[in-house]
Amino acid sequence: MNTDATRDLLDVVHAACDDLSSPEAVARTPAGDWNAELWKTLQDIGITLLPVAENFGGAGGDLPTAAAVLRAIGSHAAAVPAAETALLAGWLLSICGTDIPSGPLTAALAPPDMVLSRTGRGWELDGVLRRVPWARHCSVVAVVVQHEMVDHLVLVDPAATVVETGVNLAGEPRDTLHLTSVPISPDRARRLPEHGEVEAGFRRRAALGRALLMSGAADRAVDLSTRYAGQREQFGRPLAKFQAIQQHIAHMAGEALALHVATDAATVALAEGSNPGMAIAAAKTTAGHAASTIAALAHQVHGAIGFTSEHDLHLTTTRLWAWRDEDGNEHEWASQLGEQALRTPPDQLWAQLLRP
Amino acid sequence: MTALSLDAVSSTAELGRLRGQVRDFIAAERNSGHFTPAVNSWQTGWDPEFSRRLGARGWLGMTFPERYRRSAPDGALARFAVTEELLAAGAPVAAHWVADRQSGPAILRFGTDEQKAAFLPGIARGDLFFAIGMSEPDSGSDLASVRTRALPVAGGWRLNGTKVWSSGAHLAHWMIVLARTSPLRRDDRHAGLTQFLVDLTTPGIEVRPIRLLNGEHHFNEVVFTDAFVPDTRVLGEVGDGWHQVTGELALERSGPERILSSYPLLAAFLLHAQRTSSSTVDFYAIGTLLARLWTLLAMSSSVAAQLDAGRSPDVEAAVVKDLGTRFEGLVIDTVRQLAHIEPDPTNTETLINMLAEAVIHLPSFTLRGGTNEILRGIIAKHMGVR
């Protein structure tokens, strides 16, 4: 997709979010709820399965465009499973050659103790899926689970499970599903391609999706802080006139730019298959670091009012805090980077850092 | 608010080949014993012969038009690729550094055809070296307040004043000097400044060493007493000095040397950690460094791509320099913490003396070429909060 078409698409997405996911609307959303109306509009626009191939019901768009859309979604704090549907469930279903159901989708990697067993022609699934994003609102949870050492994709209907609701710091649904001998019909379980590195791919895509949402939220926090500093007056002048505030905003803007570039470059690495592991580890680590700095400084700039429920800032900062610890935090991803680096000759490591 | 923007840039096969050639060159130089890797080598590693060998390969003046240099891949991205390889290896690139990075490009942009012909080929060959004449004892961050005065005389100008922090001025051939040609106006502090191409062998120029806290000499104070500069050596327009110097500053701030000054230390440490399989190695701390480095290199490429596209990403360059120089310090502190060694500049072991060198020079990283506080002020202004 060329950049003009991408810009036009982003304009449409932003307009839809301005209309249906305004700060007031987001603030009014009860904890655990979702934005069904926005989802329908995004589906109509054609972005919910943007990077999925057309013959599987997607829009056949490229990853960088999908990335830009996710960043926009994140900046509006939109209560929809955009990343889960586009990057995870849609991807899993398309690599299995399965038609993708309509509606909001989510996905999960089964824990080691989850059991998929055969029952005649069908299957049964037992175990617990913890903190699955948006599960209670989704028609399908796409689960990656092993059967006899082979990865399978199983489509689970949350209604067939016992749903233990949960939320993250921003009130987004993170539901734990208890499965007790849940029947799975033959058409809802398929082998995943062997040697597909599905688990690693899932973790990376989940982390990248989260980092892209964080990038949008980071941009929003910088924007809110810049505006507030220009408007709020103390000592007879706007906060923006004080060097301490100027330095904070510059610091925030720098981190937001770093995150923007890191997530864009990681998206390209995933699309091109050029060392996406290192790229996404770097991007999610950068996201955590940026989120911590930006959220803290945004609250400093906004003063006491920014810490209230009345003000919009918390819609963005609670997401930065929540997403920072989802799909692997800085410690997890940076440790992986470091461990890998120490097994790599320094000359080779240098070449990898340059994103060939 | 005007958004900051940098597009991610993919490398090309051509750049990959270029990097390979530079790596081969570096390996051969090291095997011949021509240099020992050092931190901060772009400031401390003065080696005219090394510079000439780079010039012979076509790896200097890469942003100059072909007629002024030896044929090779050109443009900012290519130059960044070459300099990244050299800096990561801690190669002695100081002699040609200023000329290649900013003086040559300034002459290219503002110089007469005669000046371009007179200077650019020598810079590209690596045998014509420049120093910077900007800061003064009373003018550091506030560059517009410089007092070095150029008075018009027959056939040229008479220069009086003092410049400081001129790296390599005791060894360089020429200096671009920022001087006042009209009195300071309170309503327009930037007006009345002019840049001069000054031959450092001119009578009336005295170069005095500035010694750093460890006694090292790279920087100098340069005193001009009635030093004559001919009209043919005014760079650009009389009175246009501020506009010209800010363009030069963008080049000074945008490069990979603002990220990689301490990389040789990191490389040495990683090698040491692998060889000793130390149990105190902290994967998280190392990975944190690598995540930031990966991101900064991506940002730096984006800046280079914008330069190649004829744009002037001054504010984005300021971000990269701000984050990059802080990263350089984080490398030093992380290695220090994990290596459990006592820095000693006289020790023959690479890691120990490199760490000493790095710790001592670290304060300068966030001061030189624009303090981080000034850089953040530039960013804040762009964000509309200043």
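**Entry 1: the second largest pocket.** I began with the helices of chain A: helix 1 (3–20), helix 4 (63–75), helix 6 (198–231) and helix 7 (243–272) each supply at least two residues of the lining of the second largest pocket. Helices here are DSSP runs of H or I with at least four residues, strands are E runs of at least two, and both are numbered from the N terminus. The volume of this pocket is about 1300 Å³. I found 37 lining residues, and the closest to the centre are A:Leu10, A:Arg71, A:Asp219, A:His260 and A:Asp264. By class, the lining has 17 nonpolar, 11 polar and 9 charged residues. (Ala, Val, Leu, Ile, Met, Phe, Trp, Tyr, Cys and Pro count as nonpolar, Asp, Glu, Lys and Arg as charged, and the others, Gly among them, as polar.)

**Entry 2: ground rules.** I am working with a predicted model, where local features need pLDDT of at least 70 and side-chain atom pairs count only at pLDDT 80 or more, while totals for chains, interfaces and linings use all residues. Residues are numbered from 1 along each chain as its sequence is written, chains are lettered from A and ligands numbered from 1 in the order in which they are written, and side-chain values use heavy atoms, with hydrogens and water left out.

For the voids, the grid is 1 Å over the protein atoms alone: a cavity is a set of points where a 1.4 Å probe fits but cannot get out, a pocket is an open set with protein on both sides within 12 Å along at least five of seven lines, and lining residues have an atom within 4 Å of a point. Points are joined across faces, edges and corners, and a volume is the space filled by probe spheres set on them.

**Entry 3: cavities.** How many cavities of 30 Å³ or more does the structure hold? I noted 4.

Of its 15 lining residues, A:Ala78, A:Val80, A:Glu172, A:Leu213 and A:Trp323 lie nearest the centre. In chain A, helix 4, helix 5 (82–96) and helix 6 give two or more residues to this lining; helix 5 gives the most, with 3. The classes here are 10 nonpolar, 1 polar and 4 charged.

**Entry 4: chain B overall.** I found 13 helices and 8 strands in chain B. Its radius of gyration is 21 Å, which agrees with the value near 21 Å for a compact globule of 386 residues. (The radius is taken over C-alpha atoms, and the globule rule is 2.2 Å times the number of residues to the power 0.38.) The C-alpha box along the principal axes is roughly 70 × 50 × 45 Å. Of the 386 residues, 57% count as buried, where buried means under 20% relative accessible area, exposed over 50% and partly exposed in between (1.4 Å probe, protein chains only).

**Entry 5: one residue.** Is B:Ser103 buried or exposed? B:Ser103 counts as buried because its relative accessibility is 1%. I placed B:Ser103 in helix 5 (residues 94–110) of chain B. Leaving out residues up to four places away in sequence, B:Ser103 touches B:Val98, B:Phe130 and B:Ile176, a contact being heavy atoms within 4.5 Å.
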